[in-house]
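Open the model in a viewer and keep the selection panel at hand. The stops below can be taken in order.

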Amino acid sequence: MNHQFMLRAITTTILSFATPILYASFAPHAAVSNDGKVVYAPNVARGVGGGVNGEPPKLAKGETLDSQAEYPAFVMTSTEMQDLKHNFKPATSGRLMPSSVLGAIDSRYRIYPSASGHPERAIGQITSSQNGKNYICTGWLISPNTVITAGHCVHTGGSNGVWSTNVKFFPGRDATNNPYGSCTAKSLHSVQGWTKNNDTNYDYGAIKLNCTIGNSTGTFGFFWQSASLVGLPIQVSGYPGDKPAGTQWSTSGDIDVSDAKKIQYKHDSFGGQSGGPVFQTDRVGSFCTGVCASAIHTNGGTSVNKATRIDQSVYNNMIYWKNLP
Amino acid sequence: MKLPPAIFILPLILLGEFSNGRGVNEPVSVNPETGSSLYSSSSLIGIEGRVLNKQGSPIEGASIYLACASTSCPPIPELGVLTNKNGEFFWPIEPGKFSISVYQHGRASKKYIISVQSTHPTPLEIVLDE
């Protein structure tokens, strides 16, 4: 009798403590990886991480509660340095301006990453399999071994979903030319909002590579700000499936709609561009100068295309993934 | 005082095994190269298709493009869906009405209209003219 009473008392006590834990087991931005690990609130210290040429990010005055940035890292080859000395601008070379497709204006222009340099060579094509079927996506380096992409490029989404397999990343791919080779995936990462709920508001993820190719290609900076992004001039780049295989294309324009978790823009894009960076090449501001991304391309539409906005939670997870070994 | 074994087992049940029959923090080893994964998939919704040429041979490496074909569609991920060596592809998409076309060597096939079912993968076989 004493045992029964004690069991009931302990059960009641445990339930009262456990119930909030059970409810808390789902958090849309909780970082998950394909080894099953879940991290609910990555401990990301402000101002920690690699900045320009490895220096700590410079936090601007006022950058405390409503904005934050991680700086890009530029890598220049001796040839590019030589080119710069001769006033050559590698970032704009090798581009063909708009072409017309099937009578409609296609605003995409082809990028030749080898000629363009940074940041185009820090963007790469992702090939993968899901349930034995083949897929292509786009990703971009934020550290020597960290690629950011869409959640659906690493996991099919939802509680019945599967993680991608045979994942390879080809930075700066240009048709059959792979100037930096390819890297396989060491681990895959996304968040519960995508892997459990298939919610497009949480459609973002990362790939940790088995190489440190970002040391050769350079990396992207990225930032979040609570202020609207409407009117921000951006570039959207990726590897679309309707163009010659393995070629990189880009568009330029402004952000039209800036919601809390998604942004919208009228840039032409196509299947295969998911995961591509939405970025500025020459951002000038109080924080994150140069090549800075503000969103991750995810969806096509009939009138607008969409990207997952880098908000503070997305930013924190990106830092968390960046700092993983 | 000696407590019954159930007292020690109960907290483990409560704290560890309520999410899909698996503890949320339970590590599961997965190799991205070989394929096993955290979540099993037995009922994916989308278009399960195959692309063939006129001779009935599978076409590998074709790109399958999906667009909305009604007034309202679920979000379409801008995933690049390719056919494998057997000409097979799977387009993971929520139920709705879509137009689908095949891109090969930079050229598009004619469009096919398809309604994706909510209960099972929707089959589709496409035979290209060329």
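**Before selecting anything**

This is a predicted model, in which local features need pLDDT of at least 70 and side-chain atom pairs count only at pLDDT 80 or more, while totals for chains, interfaces and linings use all residues. Residues are numbered from 1 along each chain as its sequence is written, chains are lettered from A and ligands numbered from 1 in the order in which they are written, and side-chain values use heavy atoms, with hydrogens and water left out.

**Stop 1: colour chain A by confidence**

Colour by pLDDT, the predictor's confidence in each residue, from 0 to 100. Chain A has a mean of 82, with 76% of its residues at 70 or more. Select residues 47–58 of chain A: pLDDT stays under 50 there, and the model gives this stretch 26 contacts (heavy atoms within 4.5 Å) beyond four places in sequence. Then select residues 87–103 of chain A, where pLDDT is also below 50 and the stretch has 32 contacts beyond near neighbours in sequence. Where pLDDT is low, the predicted coordinates should not be read in detail.

**Stop 2: the disulfides**

How many disulfides does a search of the whole structure find over all chains? It finds three, a disulfide being a pair of cysteine sulfur atoms within 2.5 Å.

Select C137(A) and C153(A), whose sulfur atoms are 2.1 Å apart. The torsion about their S-S bond is about -85°, so this disulfide is left-handed. C137(A) sits in strand β8 (residues 133–143) of chain A and C153(A) in the loop between β9 (146–149) and β10 (165–171) of chain A, so the link ties together parts that are 16 residues apart in sequence. Helices (H or I, at least four residues) and strands (E, at least two) are DSSP runs, numbered from the N terminus. Both C137(A) and C153(A) are buried; buried means under 20% relative accessible area, exposed over 50%, and partly exposed in between (1.4 Å probe, protein chains only).

Go on to C183(A) and C211(A), with sulfur atoms 2.0 Å apart. The link of C183(A) and C211(A) is right-handed, with 90° about the S-S bond. C183(A) lies in strand β11 (residues 183–191) of chain A, and C211(A) in the loop between β12 (205–209) and α5 (214–217) of chain A, so parts 28 residues apart in sequence are tied together. C183(A) is buried, at a relative accessible area of 4%.

Switch to chain B for C68(B) and C73(B), where the sulfur atoms are 2.1 Å apart. The link of C68(B) and C73(B) is right-handed, with 90° about the S-S bond. C68(B) is partly exposed at 23% relative accessibility, and C73(B) is partly exposed with a relative accessible area of 23%.

**Stop 3: aromatic pairs in chain A**

The whole structure holds seven aromatic pairs over all chains. Rings of Phe, Tyr and Trp (its six-membered ring) pair if their centres lie within 6.5 Å; planes under 30 degrees apart count as stacked, over 60 as edge-to-face and the rest as tilted.

Select Y204(A) and W321(A): the ring centres are 5.7 Å apart and the planes at 55°, so the pair is tilted. Y204(A) is in the loop between α4 (192–195) and β12 of chain A and W321(A) in helix α6 (residues 312–323) of chain A, 117 residues apart. Y204(A) and W321(A) are buried.

Next come F220(A) and F279(A), an edge-to-face pair at 5.2 Å centre to centre and 90° between the planes. F220(A) is in the loop between α5 and β13 (221–225) of chain A and F279(A) in strand β18 (residues 277–283) of chain A, so the pair ties together parts that are 59 residues apart in sequence. Both F220(A) and F279(A) are buried.

**Stop 4: a sheet in chain B**

Show chain B as a cartoon and find the open sheet of three strands in the order β5-β1-β9, with mixed pairing. Its edge strands are β5 (88–92) and β9 (122–127) of chain B, each pairing on one side only. The twist averages 25° from one strand to the next. Strand β1 (residues 46–52) of chain B and β9(B) pair in the parallel sense over six bridges; two strands pair if DSSP finds at least two bridges between them. Within this pairing, G49(B) stands opposite L124(B) in β9(B).

**Stop 5: V257(A)**

Finish at V257(A), in strand β16 (residues 257–258) of chain A. Is V257(A) buried or partly exposed? At 30% relative accessibility, V257(A) counts as partly exposed. Leaving aside neighbours within four places in sequence, V257(A) is in contact with V230(A), K262(A), I263(A) and Q264(A).

Notes. Axes are lines fitted to C-alpha atoms, for helices over the stretch in contact, and angles run from 0 to 180 degrees between N-to-C directions.
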